[in-house]
Amino acid sequence: MTAPEIEIIVDGEPLRVAAGTTLAVALLNAGVRAFRTSASGAPRAPLCGMGTCYECRVTVDHVVGRRACLVPCVPGMVVHTADGDD
Amino acid sequence: MGARPDVIVVGAGIVGCACARALAREGLEVLVVDASFPGGGTTAAGMGHIVVMDDSPAELALSAYSRGLWAELADELPRSVEDRRPGTLWLAAGADEMPILGQKRDLYQRAGVHAEVLDATALRDAEPNLRLGLAGGLVVPDDRVLYPPNAARWMLDEARRCGAVAWRDTRVVGVAERRVMLARAGGVQALDTGAVVIAAGIDAPTLIPELPIVPRKGHLAITDRAPGMCRHQLVELGYLHSAHALTGESTAFNLQPRATGQVLIGSSRQLVGRDASITPRVVGEMLRRAVEFMPPLASLSVLRIWTGFRPATPDSLPLIGPWPEIPGVWIAAGHEGLGITTATGTAELIVAGITGTTPPIDAAPFAPSRTMAAPLTA
Amino acid sequence: MTERTQYDIVVVGAGPAGLGAAVEAARGGARVCVVDQNPHLGGQIWRHRDPSVLPGHARRWLRRFARSGCDWIPNAGVASVADDGGLLVNNMDGARRLRAGALILATGARERFIPFPGWTLPNVLGLGGIQALVKQGLDVRGRRVVLAGSGPLMLPVAATLARRGARLLIVAEQASAGALARIAAGMWRTPSRIAQAVGYRVAFRTAAYKTGTWVVRAEGSDAVRSVTLTDGTRSWTLECDLLGTGDGLVPNVELATLAGCVTQDGAIVVDAMQRTSVPWIFAAGECAGVAGQDVAVLEGRIAGLAACGRDGEARALRGARDRARSRARRMLEAFALCPGVRARVTPETIICRCEDVPAGALDPDWTAREAKLVTRLGMGPCQGRVCGPATCELMGWDAQVVRPPVQPTRVGPLVDLLRERRP
């Protein structure tokens with residue numbers, strides 16, 4: 001099964017992803033390492049993959065702290081990760 | 001500590017720990033007892049502001065003096081205490097409140113407390129996330145914020161360094177002349193002492209039933225980290241009306257930036273006994289007011305909502321001084337919502353009383369004996 | 001979202017237990033609403049972007065639910081429960097209040113992680129996390145993967161990874177071969193299960209399956225680069241791109257605890273009809289004790305029937321439920337944690353990932369609440385869901401008091417939810 005592709009914006013760059021993909025998968029497949037930066041400044045990325053651990057928090061359409069593992073990608077979505085802070 | 005301590009401090013909240021530290025530094029042998037663990041009661045439930053309040057001349061004197069003592073400690077406090085000086089910003093919603101700000105500034109200035117009136121434009125520069133249309137503010141730049149449980153623990157550690165001993169999980173079941181009854185894991189024991197300081201907050205009346213201290217419930221909510229959302233502790237002027245009516249239920253806008261970047265949202269006041277349950281209506285109103293003053297707050301996540309009990313007195317002043325009914329018993333309780341601020345000043349008043357030296361500020365307004373006269377009106 | 005607010009039964013969770021409960025309750029004519037935090041039905045085990053790849057019984061339950069007439073609120077959490085049946089439900093679009101005659105909690109389980117140095121690195125994932133992300137399309141082709149953890153989940157995850165083209169380096173189970181042999185023997189009584197296990201084994205036969213082996217640390221800078229494993233006597237290091245780890249499952253009891261339901265050993269206590277200590281609240285599946293999907297469906301059905309007063313039909317399912325539960329219990333006993341897993345924690349190891357609290361900051365003489373107040377342990381957005389089970393295991397601390405909201409909830413929707421409604 002091949003899902004149609006859509007485009008989202010990640011840290012200012014366009015990214016083509018399969019429609020229906022969760023944001024966590026899209027970002028991991030795109031090689032994003034640091035979804036967020038921890039309280040002491042370390043890179044963090046998804047752990048539980050099911051909404052419990054809050055490690056995959058990113059900013060989506062200016063809303064901070066959204067769990068990437070629970071957010072489906074939609075066309076034009078603007079995403080900011082800690083990788084984009086460099 | 002010998003078999004007979006000079007002073008037993010009952011309660012290891014911020015007030016008890018501050019008293020223990022001050023007494024131990026005077027060379028007295030101090031035993032601190034707490035029914036659970038240090039800083040775990042009202043101290044853990046509050047906001048942790050070090051703020052000058054001016055409801056009465058006595059409150060102004062005690063809070064200004066106490067804030068000065070905290071400022072002197074600033075360099076010593078460990079990071080875990082999260083001591084910062086964001087200042088307080090009192091907000092005037094409408095033009096009619098601007099004269100009140102001016103009067104408040106004058107009162108503060110006379111007490112040696114620096115304060116400045118901001119007009120609408122200056123207020124906007126100071127706090128860009130506040131809603132448009134506020135008339136102005138009064139900034140009190142030297143007000144502080146800290147993390148109370150760890151402040152209490154630091155105070156207790158300091159007391160220990162000066163020889164004090166602390167017993168946790170120890171309940172005081174009776175207080176008599178120079179003697180207390182303690183219930184610990186091993187059973188009940190009587191302990192002789194030179195003096196007893198009752199710093200048990202809302203639990204003080206369980207030991208001295210005549211103390212007019214009632215638990216006044218408050219709700220707080222804390223958000224996820226959002227650095228820069230607000231820079232000062234923000235309080236609406238209307239807070240004073242809310243804070244001082246001892247009856248009924250009220251909410252007032254009160255925000256505080258925590259060292260972590262989180263925002264602490266208050267405040268509410270209810271007299272409902274010891275019912276600690278969350279009142280959804282009150283939280284809803286408290287959050288509604290917060291968003292009304294600072295609209296971008298709506299997008300932050302609330303991580304936790306909790307309640308706590310302020311030890312309130314009929315005249316809104318703490319009870320600090322000897323308890324005339326039982327020789328050797330001292331009271332340091334009833335600090336309502338200002339206990340973190342006034343803990344340092346309270347400790348100095350207690351030290352002066354116990355050591356028979358001149359108090360640093362007039363102690364008369366705080367004398368517990370005042371509550372034994374004709375009943376006070378709210 | 002539909003606009004109805006009054007339901008006979010509200011089910012929290014759309015996994016096997018939740019679907020079983022909703023379908024049975026609706027069959028009896030009850031008005032039912034299911035609330036779930038995911039965008040798709042099925043819970044962690046039956047949720048898939050492409051339902052055609054699901055096993056037959058999962059597809060059947062999803063079909064039954066689709067025909068049941070139940071309402072379904074996806075992407076939503078229950079923030080709070082009131083004694084009068086009032087529920088605060090919120091999602092990204094807003095918030096609403098529901099009123100339920102009965103509440104069925106089917107909140108499932110989450111993975112338990114006993115921390116080790118380096119477990120906070122990117123590309124160190126939970127076993128369930130890898131499974132969920134791969135199902136959603138995570139590309140693992142050619143990636144070197146170490147699986148090191150514990151429990152029955154290891155085998156299906158290994159099989160999925162192998163099928164999707166990952167280079168599985170090792171599947172390391174901390175439980176000893178002796179412990180596992182005892183359950184293998186037990187499984188002869190249920191031949192379909194042995195076949196299932198053998199099927200998994202065939203699917204990843206190129207990787208070493210080692211028992212009595214656990215991870216002691218992971219290393220890397222921006223992401224995991226290598227993993228050091230031990231069998232208790234010998235240690236060795238493998239370079240890898242992904243580490244899947246996890247030490248069994250723990251029930252999600254936060255909502256139940258907030259509602260006042262009694263829990264024991266970390267699970268919601270229920271009677272034979274799945275009723276909790278709060279008479280109008282039922283619990284079914286993993287949240288009432290981890291036991292797998294077969295038990296979850298049966299318990300969900302019993303709860304759904306009992307919640308609408310059809311006790312006779314519910315009773316008929318109890319025998320099957322009890323047999324499945326005791327089978328699951330025997331199996332889980334084999335995966336008890338060995339002491340080496342606890343001993344891998346160093347003073348620098350992060351325990352609370354939200355607040356970056358290291359193990360060395362925690363004093364064993366403290367109570368859980370004291371640790372929380374002093375160090376901020378469990379004070380972050382996961383609300384102690386990750387560090388709570390770890391400190392329970394490592395420090396012997398009880399689960400924390402649950403404070404509302406049960407999940408972080410935005411201020412805006414909370415205002416709408418809590419404001420006094422005047423008629």
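How many residues does the contact take from chain A and from chain C? The contact takes 37 residues from chain A and 42 from chain C, where contact means heavy atoms within 4.5 Å.

This is a predicted model, in which local features need pLDDT of at least 70 and side-chain atom pairs count only at pLDDT 80 or more, while totals for chains, interfaces and linings use all residues. Residues are numbered from 1 along each chain as its sequence is written, chains are lettered from A and ligands numbered from 1 in the order in which they are written, and side-chain values use heavy atoms, with hydrogens and water left out.

## The interface of chains A and C

About 3100 Å² is buried between chain A and chain C, and carbon and sulfur atoms give 56% of that area. Buried area here is the accessible area (1.4 Å probe) that two parts lose on being put together, summed over both. On the chain A side, the residues that lose the most area to chain C are A:R33, A:L47 and A:M50, which together make up 23% of what that side buries.

The rule finds 3 salt bridges across this interface. A salt bridge is a side-chain nitrogen of Lys or Arg within 4 Å of a carboxyl oxygen of Asp or Glu. The side chains of A:R44 and C:D356 form a salt bridge, with 2.7 Å from N to O.

C:N38 also touches a residue of chain A: its contacts, not counting residues up to four places away in sequence, are A:L70, C:Q44, C:R47, C:P74 and C:N75. C:N38 sits in the loop between β2 (32-35) and α2 (43-46) of chain C. Helices (H or I, at least four residues) and strands (E, at least two) are DSSP runs, numbered from the N terminus. With a relative accessible area of 3%, C:N38 is buried; buried means under 20% relative accessible area, exposed over 50%, and partly exposed in between (1.4 Å probe, protein chains only).

## Salt bridges within chains

Over all chains, a search of the whole structure finds 48 salt bridges.

| B:D83 | B:R144 | 2.8 Å |

The salt bridge of B:D83 with B:R144 ties together parts that are 61 residues apart in sequence, because B:D83 lies in the loop between α3 (57-73) and β4 (88-92) of chain B and B:R144 in strand β7 (residues 144-145) of chain B. Both B:D83 and B:R144 are buried.

B:E336 is buried at 11% relative accessible area, and B:R216 is buried at 2%.

C:D322 belongs to helix α11 (residues 318-333) of chain C. From C:D322 to C:D416 the separation is 94 residues in sequence and 43 Å in space, C-alpha to C-alpha.

## The largest cavity

The structure holds 4 cavities of 30 Å³ or more, and the largest cavity has about 250 Å³ of space. On a 1 Å grid over the protein atoms alone, a cavity is a set of points where a 1.4 Å probe fits but cannot get out, and lining residues have an atom within 4 Å of a point. Grid points are joined across faces, edges and corners, and a volume is the space filled by probe spheres set on the points.

Which residues are the closest to the centre of the largest cavity? Of the 23 lining residues, they are B:M53, B:E59, B:E336, B:G337 and B:L338. In chain B, α3, β14 (233-236) and α8 (239-244) each supply at least two lining residues, and α8(B) gives the largest share, 3 residues. By class, the lining has 11 nonpolar, 9 polar and 3 charged residues. Ala, Val, Leu, Ile, Met, Phe, Trp, Tyr, Cys and Pro count as nonpolar, Asp, Glu, Lys and Arg as charged, and the others, Gly among them, as polar.

## Helix α14 of chain C

Helix α14 (residues 387-395) of chain C has the buried residues C:C387, C:P389, C:A390 and C:T391. These pack against β7 (109-111), β16 (249-251) and β20 (350-352) of chain C. Just after α14(C), C:G396 takes a positive phi of about 75°.

Methods:
1 Å grid on protein atoms, 1.4 Å probe; cavity = no way out; pocket = protein on both sides within 12 Å on 5 of 7 lines; lining within 4 Å.
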